[in-house]
Amino acid sequence: LMQQAIRKESKRTVLERFGPGPHQVQMTFVRDNMDYDIVIEMAPLNAVPHAIHLFLEQIEHGLWNGAYFYINTEHVLQAGPFPANGYKELAKGKPSSIKPFEDLQLDTLAFP
């Protein structure tokens, strides 16, 4: 029952703030001193409204600015608030960019 309410409210908020979609986000990342633009297209809003709402709010708040991008395999690009080698970099004093996500409570989904 709670998940249904969250889905319904998330869908309403996305429609109100970001329109009916399809929802797309363009990002630019740098690799080997070259800029690359990618466009991320969200799933249909009815499929995962809570996840789409969370991601669009993160984008709206600029939380992905300065995120780390890394190529997992030749065809998989990953992004996240941690460097590719994760906590080892954090231990060297390089801060994670997860704190702003946490500060705005936009770091986790209420349910998978």
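The predicted model contains four helices and four strands. Read from the N terminus, the order of these elements is α-β-β-α-β-β-α-α. The chain has 112 residues, of which 29% are buried. Its accessible surface amounts to about 8,000 Å², and carbon and sulfur atoms contribute 53% of that area. Among contacts with a sequence separation of 6 or more, 46% join residues 24 or more positions apart.

Helix H1 spans residues 2-18, and helix H2 spans residues 49-60. The axes of H1 and H2 approach within 8 Å and cross at roughly 40°. The crossing of the two helices is left-handed. On the H1 side, the contact is formed by Ile6, Arg7, Ser10, Lys11, Thr13, Val14, Arg17 and Phe18. H2 contributes Pro49, His50, Ile52, His53, Leu56, Glu57 and Glu60. Sorted by class, the residues of the H1 contact with H2 comprise six nonpolar, four polar and five charged.

Two residues of H2 in this contact, Ile52 and His53, illustrate the surroundings of the helix. His53 belongs to helix H2 and has a relative accessible area of 18%. This value is under 20%, so His53 is classed as buried. Apart from neighbours within four places in sequence, His53 contacts Ser10, Thr13 and Val14.

With residues up to four places away in sequence set aside, Ile52 touches Val14, Met42, Ala43, Pro44 and Leu45. Met42 is ten residues from Ile52 in sequence, and the C-alpha atoms of the two residues lie 6.8 Å apart.

Strand E1 covers residues 24-31, and strand E2 covers residues 34-41. Ile38 is located in E2. Its relative accessibility of 21% places Ile38 in the partly exposed class, because buried residues must be under 20%. Beyond residues up to four places away in sequence, Ile38 touches Val25, Gln26, Met27, Phe29, Phe69 and Leu77. Gln26 is twelve residues from Ile38 along the chain, with a C-alpha separation of 5.6 Å.

Val39 is also assigned to strand E2. With a relative accessibility of 53%, Val39 counts as exposed. When neighbours within four places in sequence are left aside, the contacts of Val39 are Gln24, Val25 and Gln26. The C-alpha atoms of Val39 and Val25 are 5.6 Å apart, although 14 residues separate them along the chain. Val25 and Gln26 are also among the residues touched by Ile38.

The peptide bond from Gly21 to Pro22 is cis, and its omega is near 10°. Pro22 is placed in the loop that joins H1 to strand E1. In the loop between E1 and E2, Asn33 has a phi near 60°, a positive value for a residue other than glycine. Asn33 has a relative accessibility of 76% and is classed as exposed.

A further positive phi, of about 55°, is found at Gln105, which is not a glycine. Gln105 lies in the segment after helix H4, a helix assigned to residues 98-103. At 68% relative accessibility, Gln105 counts as exposed.

Terms used:
Residues numbered from 1 in each chain as written. Predicted model: local features only at pLDDT ≥ 70, side-chain atom pairs only at ≥ 80, totals over all residues. Heavy atoms only, no water. Buried < 20%, exposed > 50% of the residue type's maximum accessible area, 1.4 Å probe, protein only. Contact = heavy atoms within 4.5 Å. Axes fitted to C-alpha atoms, helices over the stretch in contact; angles between N-to-C directions. Left-handed = near helix turned anticlockwise from the far one by under 90°. Nonpolar A, V, L, I, M, F, W, Y, C, P; charged D, E, K, R; others polar. Areas by Shrake-Rupley, 256 points an atom, 1.4 Å probe, with all protein chains shown as cover.
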